[in-house]
Amino acid sequence: MGDHKPDHLLENGSATMLNPLDPEEFRRQGHMVVDFLADYYHNIEKYPVRSQVKPGYLRELLPESAPLKPESIEKILQDVQEEIIPGITNWQSPNFFAYFPSSGSIASFLGEMLCTGFNTVGFSWITSPAATELESIVMDWLGKMIQLPKSFLFSGGGGGVLHGSTCEAILCTVVAVREQKLSVIGRENIGKLVVYCSDQTHSSLQKSVTIAGINPKNLRPIVTTKSSNFQLSPHSLELAIVSDVKAGLIPLYLCCTVGTTSSTAVDPLGALCEIAEQYGIWVHVDAAYAGAACFCPEFRHFLDGVEGANSFSFNAHKWFLTSLECCCLWVKDPAALIKALSTNPEYLRNYFAESEQVVDYKDWQMALSRRFRALKIWLVLRSYGVTGLRDFIRGHVKMAKHFEGLIATDKRFEVVFPRNFALVCFRVSPLVIPRDKDVNEFNRHLLESVNASGDAFMTHAVVGGVYVIRLAVGATLTEYRHIDKAFRLVQEHANVLLCVY
Ligand SMILES: *Cc1c(COP(=O)(O)O)cnc(C)c1O
């Protein structure tokens with residue numbers, strides 16, 4: 001080190017280590033990586049959407065141990081191209097319709113680059129005042145954009161924080177109310193705490209309940225039905241609560257969902273919050289995917305009743321042009337989070353923290369260290385504006401409608417659940433599948449056949465015993481022609497399978 005020769009090769013041909021933060025070398029290599037990624041985006045449609053490699057493929061390609069000597073970025077990027085890209089499932093492909101989207105954008109990539117480039121660790125205000133203050137500001141901006149009640153904003157006594165994932169947001173809120181409750185009823189009663197959800201709630205609640213030390217037997221996934229569109233019924237919730245209270249248990253937490261993962265069902269927030277309030281239950285609203293749509297006034301009604309909740313989260317890293325990881329969490333009572341999660345070892349103490357004039361986000365999350373995530377959201381909001389983001393969402397919803405229209409042109413197919421956002425759940429209709437064959441199995445084969453082609457990637461869900469193919473429109477690069485192509489692809493593969501069956 002210290003030798004800043006641009007030539008990284010010694011006379012004997014072996015590489016030597018450069019200053020790992022040499023500004024000029026950073027400029028050179030940084031431009032190369034940007035060029036590399038620009039080329040990747042130029043060619044993205046040439047790669048199979050779902051990676052076609054076999055398990056263990058990379059071990060066969062890479063050496064047994066780490067290199068002893070430094071290697072050049074040229075060689076490394078060549079290996080990324082030849083060895084890594086084949087093992088990438090291309091989430092940014094316009095033909096990616098699986099799971100929920102992870103819509104990237106230039107603004108978010110560059111925000112991420114700034115975040116990584118500064119590489120600050122903003123756990124307390126003093127460790128990077130801009131990181132904390134920008135995060136509080138963008139959370140208030142977003143809260144206003146999505147018309148959250150003032151009580152969730154800093155100006156109204158609440159506040160927002162950026163977590164890595166919904167899992168973390170749920171875990172931290174469960175722990176906040178667990179501590180609040182145990183401080184009243186006594187720690188020995190932890191086994192009596194009960195957490196409510198529906199059978200459509202994301203599995204991250206189950207994981208959070210386990211980590212939080214709540215008796216797994218006291219997680220109540222309430223059964224939903226097709227007749228109520230798989231929404232959590234307030235009446236069923238109340239019956240469950242009453243029965244638990246009778247049994248001497250203590251209701252703690254309810255997780256409602258706006259846009260369930262399987263079929264984008266929306267729980268009736270208002271009625272559920274009313275019941276929860278009577279029993280002193282903390283209500284969290286998980287809008288991981290559909291929250292993005294609620295930034296458009298015409299979808300905001302799906303959040304009606306959120307004013308009765310204690311916390312609300314949505315993933316900007318799904319359908320909001322922001323790259324992983326970025327879960328936006330708002331709470332009405334930050335003190336509950338802070339009381340449960342704060343630690344104040346001597347080595348972190350500082351004048352500002354003690355002055356109580358600042359937010360120390362280390363007390364709002366699980367980990368101590370934290371990234372400057374607010375930069376990418378700030379870049380996204382500024383680069384695209386509220387109108388740009390709304391148009392982005394609306395474009396995808398229109399394309400999802402278009403796909404529904406295509407399904408309607410071919411009587412062999414049916415849309416299985418009503419579409420709320422940009423997810424279409426469809427299948428080959430039981431009417432065209434031979435009586436002695438299993439309809440779910442047929443559709444499973446169809447999906448596998450489509451995905452194995454590499455031309456598009458979709459996933460499935462089983463809701464109410466029905467296997468559906470999920471087509472989630474949301475990749476940034478998707479256009480109408482990709483929707484048309486996806487439909488033709490499904491038709492072609494269905495044709496072949498129907499002949500074989
Ligand atoms: C995607 C999703 C999650 C999980 O989000 P992570 O950020 O990956 O933890 C939770 N809930 C719903 C409804 C989701 O769609």
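A residue is called buried when its relative accessible area is under 20%, exposed when it is over 50%, and partly exposed in between, with a 1.4 Å probe and only the protein chains counted. By this scale Tyr99 is partly exposed, with a relative accessible area of 44%.

The structure is a predicted model, in which local features need pLDDT of at least 70 and side-chain atom pairs count only at pLDDT 80 or more, while totals for chains, interfaces and linings use all residues. Residues are numbered from 1 along each chain as its sequence is written, and side-chain values use heavy atoms, with hydrogens and water left out.

**Domains and the nonpolar core**

- The domain assignment, which comes from an automatic or database source, divides the protein chain into domain 1 (11–90), domain 2 (121–370) and domain 3 (392–500).
- Between the C-alpha centres of domain 1 and domain 2 there is a distance of 39 Å.
- A nonpolar core is a set of buried Ala, Val, Leu, Ile, Met, Phe, Trp, Tyr and Cys residues joined through side-chain atoms within 4.5 Å, and in the largest one, which has 108 residues, Phe312 and Met458 touch the most other members.
- The helix that gives the most to this core is α13 (residues 374–408), with 15 residues; helices (H or I, at least four residues) and strands (E, at least two) are DSSP runs, numbered from the N terminus.
- Because domain 2 (121–370) and domain 3 (392–500) both give residues to this core, it lies between them.
- As a general background, nonpolar side chains in soluble globular proteins tend to be buried together.

**The surroundings of the ligand**

- There are 14 residues around the ligand, and those that come nearest are Thr166, Cys167, Asp286, Asn315 and Lys318; a residue is near a molecule or strand if one of its heavy atoms lies within 4 Å of it.
- The residues of this shell divide into 3 nonpolar, 9 polar and 2 charged, where Ala, Val, Leu, Ile, Met, Phe, Trp, Tyr, Cys and Pro count as nonpolar, Asp, Glu, Lys and Arg as charged, and the others, Gly among them, as polar.
- At least two residues of the shell are supplied by α6 (166–185), and at least two by α10 (316–319).
- A polar contact is a pair of N or O atoms within 3.5 Å; within protein, one must be able to donate a hydrogen and the other to accept it, and residues adjacent in sequence count only if both atoms are side-chain atoms.
- A polar backbone atom of Cys167 is 3.0 Å from an oxygen atom of the ligand, while a polar side-chain atom of Asn315 lies 2.9 Å from an oxygen atom of the ligand.
- For Lys318, a polar side-chain atom lies 2.8 Å from an oxygen atom of the ligand.
- Taken alone, the ligand exposes 390 Å², and the protein buries 86% of that, with accessible areas taken from the Shrake-Rupley method with a 1.4 Å probe and, for residues, only the protein chains shown counting as cover.

**Backbone features in loops**

- Most residues other than glycine have a negative phi, and most peptide bonds are trans.
- Tyr99 is not a glycine and yet has a positive phi of about 45°; its place is in the loop between α3 (73–84) and α4 (106–118).
- Leu321, which is not a glycine either, has a positive phi of about 60°, and Leu321 is placed in the loop between α10 and β7, where it is buried with a relative accessible area of 5%.
- The peptide bond from Leu324 to Glu325 is cis, with omega near -15°, and Glu325 is found in the loop between α10 and β7 (327–331).

**Other loop residues**

- Asn90 has its place in the loop between α3 and α4 and is buried, with a relative accessible area of 1%; although Asn90 and Ser51 are 39 residues apart along the chain, their C-alpha atoms are separated by 7.4 Å.
- Ser93 also belongs to the loop between α3 and α4, and at 1% relative accessibility Ser93 counts as buried.
- Arg419 is in the loop between β8 (413–415) and β9 (423–428) and is buried, with a relative accessible area of 18%, and a polar atom of the Arg419 side chain lies 2.9 Å from the backbone oxygen of Phe421.
- Glu307, in the loop between β5 (282–286) and β6 (311–315), is partly exposed, with a relative accessible area of 44%.
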